Protein chains: 4
Amino acid sequence: MPLTKDQQAEIDSAREQKHETRRVTVPALEEILYKALPVLDHGFVRVIDYMGDDAAIVQAARVSYGRGTKKVREDAGLIRYLMRHRHTTPFEMCEIKYHVKLPVFVARQWIRHRTANVNEYSARYSILDREFYIPAPQHLAAQSTVNRQGRGDVLEGVEAERVLALLKDDAQRNYDHYVEMLNEREDGSVIDEGKSGLARELARMNLTLNVYTQWYWKTDLHNLFHFLSLRADAHAQYEIRAYSEVMLETTKRWVPAAHEAFMDYRMGGFALSAKALEAVKRMLAGETVTAESAGMSPREWRELMSALGR
Amino acid sequence: MPLTKDQQAEIDSAREQKHETRRVTVPALEEILYKALPVLDHGFVRVIDYMGDDAAIVQAARVSYGRGTKKVREDAGLIRYLMRHRHTTPFEMCEIKYHVKLPVFVARQWIRHRTANVNEYSARYSILDREFYIPAPQHLAAQSTVNRQGRGDVLEGVEAERVLALLKDDAQRNYDHYVEMLNEREDGSVIDEGKSGLARELARMNLTLNVYTQWYWKTDLHNLFHFLSLRADAHAQYEIRAYSEVMLETTKRWVPAAHEAFMDYRMGGFALSAKALEAVKRMLAGETVTAESAGMSPREWRELMSALGR
Amino acid sequence: MPLTKDQQAEIDSAREQKHETRRVTVPALEEILYKALPVLDHGFVRVIDYMGDDAAIVQAARVSYGRGTKKVREDAGLIRYLMRHRHTTPFEMCEIKYHVKLPVFVARQWIRHRTANVNEYSARYSILDREFYIPAPQHLAAQSTVNRQGRGDVLEGVEAERVLALLKDDAQRNYDHYVEMLNEREDGSVIDEGKSGLARELARMNLTLNVYTQWYWKTDLHNLFHFLSLRADAHAQYEIRAYSEVMLETTKRWVPAAHEAFMDYRMGGFALSAKALEAVKRMLAGETVTAESAGMSPREWRELMSALGR
Amino acid sequence: MPLTKDQQAEIDSAREQKHETRRVTVPALEEILYKALPVLDHGFVRVIDYMGDDAAIVQAARVSYGRGTKKVREDAGLIRYLMRHRHTTPFEMCEIKYHVKLPVFVARQWIRHRTANVNEYSARYSILDREFYIPAPQHLAAQSTVNRQGRGDVLEGVEAERVLALLKDDAQRNYDHYVEMLNEREDGSVIDEGKSGLARELARMNLTLNVYTQWYWKTDLHNLFHFLSLRADAHAQYEIRAYSEVMLETTKRWVPAAHEAFMDYRMGGFALSAKALEAVKRMLAGETVTAESAGMSPREWRELMSALGR
């Protein structure tokens, strides 16, 4: 994550701001405000702004005139109750804004979450940086042989080398040609006065899907948790999971009670279907239950047994 | 807007908070933070929290690492450009949270704006206050005779008196019966030990639509402006317009440049249809144009002439 | 649910339509199309239009050129997989439109579901019908003594009679006064030529919250299921549950495979938290587990034990 | 737009369906149902399903029991009124579903419109086709010299040839390498038994942004019009405009009255700001107005003068 001197200076200057406010503040989150938290090889997540804290969830649930909070333990209990019973609206009363640098193919998964505000760096208007995601060797995984949508073992030896070389070379070459077609260097200077230069909005199409883009992304806590429940999950693609895990840590700083409830009820939990619930009841009664007698497909049964650690 | 002592104390205590923050702050908005700004006879609007300022719009539009702002004049120019060309996403980067007390029939119009977060006081769970909206004499309007969805002259004399008496009596009587059915006083004490008391979720149905409710309502600046463009408009019902006007003033404190652009491009503007544009061109060329020759309906033509001050 | 002759004639005429279409059709749903399915004392649910069927879910999941379906059993298996793993987007490819008549206090709960399209009958523009929801005796429940947001036993004897009398009288009287203030009969004729009549948008505020309104409500299958999972649930207020149950039946006709998966994975299931999952594992291993040793609150523990039928 | 035989057969078979329905149908739209309408070099738009017609807008606006329509002329008048006064909800009662094949960089612009349902072909799960967008010579535009976000003249001669060669070669080479890394041919057969093959979710990142993807995209008429007002506009990038224009034609078949109102009030209209409105009034009064005396920036003034044809 190579920030330029100018970028670092801008961040430092933002971090030096000190204002007085009547709003609620969260010192643990203020500590990392504006900082670029590294993700993947060139990416980052930066918390730019936030609204609310654990108490704001309680305040909204109680529609109170002041802070509306009672003892910390009671507040945490209410937050757990709201999370457990899917009373989601009080969590929407907290809002957070990130600045994220991420590869385009990750951005394409991310944007599918519609309940968020987004401002992306415009490649119609500006020239993209020469930065591409190249997986670290331990993330260069083979196609899974059991799951069409998953990864298997890590590639090794000659195959791994060849793959890395292709990814690097193709990204670089295509970027070189992007610059050539633009007829403009990254610093904005013209390369060949005899040429017109292809429109930026067209030239960008020559770039590879691992090129980095960046955006401001803002959402409320409920929708952020929903995003994280899907994207920090083991089934999510590693690259977006890497971002989710960093963001999950920011929620721990920001709203520790809500984070704990989320980890208990969403991330670490397991949803039993009606059939699975029936099977568990029978197992607890000492019966031997099979996929067949539970009326479940082999795959579903395996998922259940795995969750129950059997 | 009679706040109880406890409510006022909660508000005062919130206003006394002083925290240090690295986030952007808006002193003009901090001045009125938490204050109950009166609307109608018992309602209010309170700004509870906010995120961002004019510069945050610019920062998002530029996807910058720091504040991203240039000179104030350049920033205002960019904000005007974004507003004019309906580049709405940068305005979504500012967020505001209100606490609002409002009559139920106003709440029913308000809630139709879906892109917002809402936590309403629950009459399934709690007992509503004995407060109803009774129009001031100057707002007791007759049905419009030209617009099925509008108001005409103000009612006067005996008719006005009778209407006010009916509104007051019915609201009070129905509230008395609400309390009787609940078998519970507003302070929570039981009225008649020999009775069970009707469930709150049922008893509330006896209340009139002018009873006051309250909610936390949070939205982003783009959606707030959209709300205000419809609800601060002359065609909106007076009662919701009263709220919109107070909120419009809060945006003036919060994001003065965006507010100015909004007033110029949305509130004070007029959208010409293709036919109207053609008519204006012809008029500018000195032609005499009529509804017929413009291909417009009489109603549309009147609207255009009125906008052009003819 | 007293439909007028005109209304019934309009419905009958719509039902007589026969058109040829290349779109997919669902005969079991066509059977009840436009019919008013009664709910509560004066309400109804009518299916007005629909788009897609079970196969459309499969088609979208496969992004296929044609129907994209394989054997019925394979399709049902894929639908179960999508439901289980919360791949929600293919369910959004089915859409349904209802016409609903419902009391205002139910409408206020309903509208909180934002991802839907709504057109409500306008009481600014038109005069509402003289129809109110009065609970049947078996639904006249006392306030729950254990749950602040629930119902206890059914009211009986004198208290029940008194409550019913109050609800009926207040609704009728307030409606009488509504008409008087409007100075206009339900048929539109003027009552007293010497009066102006209060604006409709104001007069409506005298009505009680159990007055019936109506709307067109359109949503996609994913959001409909989400609505039903909350509103057909045992914790929902009876009155909105009554609507949800009728709508649930319409989904059974419309998309039987998706309906079955929904009943198994959502309605009949139970979400184990991380702690509950751990407790179940220990119980399956023969351990005796208590709320304390599971680290769960008494209330949470009771909910778990109840789900496990212990 | 080269459909395979199988794809064409699937489409033909879908088109041969004939079902009887009680729902409203639109014969002019049924005519083209399922057909692949070509866009760009390999893309298409296909209408897959629809709900409602012009009369459904009227029906929802009137919340009627039957069709709710009166004379065609009255209905069209009401639709114009709704469009003019931005009463948008009745337009949401019509829904349409498309199957679209489009380059990834166009998909990235398109997806920014959030109020729609989307199912995209998954390159985590499947192998993408060897198809890339290569601009036709007349669309190979230079960067605009006056608008940082626009196109200037068409490239010619050697520069054009070079650009086209680069675009073609890079896309092909990167696709070749994609296949090599996957170690799997497009027909699914393994290339080299001694290799594992890179995971699909990783290999795809080597593709260029002009590779074609496809999705099912479903939205309501109001949001479709909003999309078209931005994307069929002259300021939109040509490539997405090409799709918008084809979709605009489908709305003309589907809802001719709404389409006409949309063309008049949105596509062909011009929004006057408060300042512009004032300037027009003064010009109509015979005054000579300048940018300065109107209080407008030179750019804004040029835009106004251009709209007024001066």
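Select strand β1 of chain A together with strand β1 (residues 19-21) of chain B: the two strands pair in the antiparallel sense over three bridges. Strands here are DSSP runs of E of at least two residues, helices are runs of H or I of at least four, and both are numbered from the N terminus; two strands pair if DSSP finds at least two bridges between them. Within this pair, A:Thr21 stands opposite B:His19 in β1(B).

This is a predicted model, in which local features need pLDDT of at least 70 and side-chain atom pairs count only at pLDDT 80 or more, while totals for chains, interfaces and linings use all residues. Residues are numbered from 1 along each chain as its sequence is written, and chains are lettered from A and ligands numbered from 1 in the order in which they are written.

**The contact between chains A and B**

Next, display the whole contact between these two chains, to which chain A brings 41 residues and chain B 41 residues. Two residues are in contact if their C-beta atoms, placed from the backbone, lie within 7 Å. On the side of chain A, at least two residues each come from α1 (5-16), β1 (19-21), β3 (43-51), α3 (54-62), β4 (95-103), β5 (117-120) and β8 (212-220). Helix α1(A) supplies the largest share, six residues. Colour this side of chain A by class to find 15 nonpolar, 12 polar and 14 charged residues. Ala, Val, Leu, Ile, Met, Phe, Trp, Tyr, Cys and Pro count as nonpolar, Asp, Glu, Lys and Arg as charged, and the others, Gly among them, as polar.

How are chains A and D related? A rotation of 180° with 0.0 Å of shift along its axis superposes chain A on chain D, with an RMSD of 0.0 Å; the superposition is by least squares on the C-alpha atoms of residues with pLDDT of at least 70 in both copies. The two copies are thus related as by a two-fold rotation axis. To locate this axis from chain A, select A:Thr208, whose C-alpha is the nearest to the axis in that chain, at 2.1 Å. The copies meet through the same surface, because 100% of the interface residues of chain A are also interface residues in chain D.

**The sheet of chain C**

Move to chain C and select its open sheet of five strands, which has the order β2-β3-β4-β8-β5 with antiparallel pairing. The edge strands, each pairing on one side only, are β2 (37-39) and β5 (117-120). From one strand to the next, the twist averages 25°.

Axes are lines fitted to C-alpha atoms, for helices over the stretch in contact, and angles run from 0 to 180 degrees between N-to-C directions. Helix α8 (residues 221-231) of chain C lies across β4 (95-103) and β8 (212-220), running at about 125° to β8(C).

**Core and surface**

Which residues have the most contacts inside the largest nonpolar core? They are A:Ile57, B:Ile57, C:Ile57 and D:Ile57, in a core of 322 residues. A nonpolar core is a set of buried Ala, Val, Leu, Ile, Met, Phe, Trp, Tyr and Cys residues joined through C-beta atoms within 7 Å. A residue is buried if 20 or more other C-beta atoms, placed from the backbone, lie within 10 Å of its own, exposed if 12 or fewer, and partly exposed in between. Neighbours within four places in sequence aside, C:Ile57 is in contact with C:Ile79, C:Pro90, C:Phe91, C:Met93, C:Cys94 and C:Ala258.

Finally, select C:Val158, in helix α6 (residues 157-182) of chain C. C:Val158 counts as exposed because it has 10 C-beta neighbours inside 10 Å.
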